[in-house]
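Hi,

Here is the structure I promised to pass on. Have a look at it first, and then read my notes below.

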Amino acid sequence: MSASAKSQPKLIFRLQFEPEGRIGRGKIELLAHIRETGSISAGGRAMDMSYRRAWLLVDEMNRLFKQPVVESQRGGKQGGGALLTPFGEALIAHYHAMEEKARAALDDDIGWLVANLAD
């Protein structure tokens, strides 16, 4: 198999904050689904996760930063919902920018690895 026929490896970008916090593709994807649906529950369902799991991830992110990433809306005719805060929107944008910078910075090295993979 030629190097051009080999698939590119995935660069998985995750930030680990000591001692326990982390932000990666999954949490960023959940935030995007919450933005689209206006709901933690629907955002979680879009990723095949329970409301409890989605809520725990949102709660973890809200506690990790000085500002919340998601705010719950209580009551109303539709029973409330959830909105990304301006900080949550900025978090998504900054995460994607960092991910792209990492991918661009490592592109040549990843290409070298792919070229040297065994057939």
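Helices (H or I, at least four residues) and strands (E, at least two) are DSSP runs, numbered from the N terminus. Starting at the N terminus, the order of elements is β-β-α-α-α-β-β-α, which gives four helices and four strands.

A word on where this comes from: it's a predicted model, where local features need pLDDT of at least 70 and side-chain atom pairs count only at pLDDT 80 or more, while totals for chains, interfaces and linings use all residues. Residues are numbered from 1 along each chain as its sequence is written, and side-chain values use heavy atoms, with hydrogens and water left out.

Now the overall shape. The C-alpha atoms fill a box of roughly 60 × 30 × 25 Å along the principal axes. Buried residues (under 20% relative accessible area, 1.4 Å probe, protein chains only) make up 29% of the 119 residues.

Next, a helix pair to look at. H1 (residues 25-37) packs against H4 (residues 86-115) at about 140°, with the axes 10 Å apart; axes are lines fitted to C-alpha atoms, for helices over the stretch in contact, and angles run from 0 to 180 degrees between N-to-C directions. That makes H1 oblique to H4 (under 35 degrees is roughly parallel, over 145 roughly antiparallel, 65 to 115 roughly perpendicular, and the rest oblique).

Which residues of H1 meet H4? They are Arg-25, Ile-28, Leu-31, Ala-32 and Arg-35, and their partners in H4 include Tyr-95 and His-96. Contact here means heavy atoms within 4.5 Å.

Cheers

Terms used. Buried means under 20% relative accessible area, exposed over 50%, partly exposed in between (1.4 Å probe, protein chains only).
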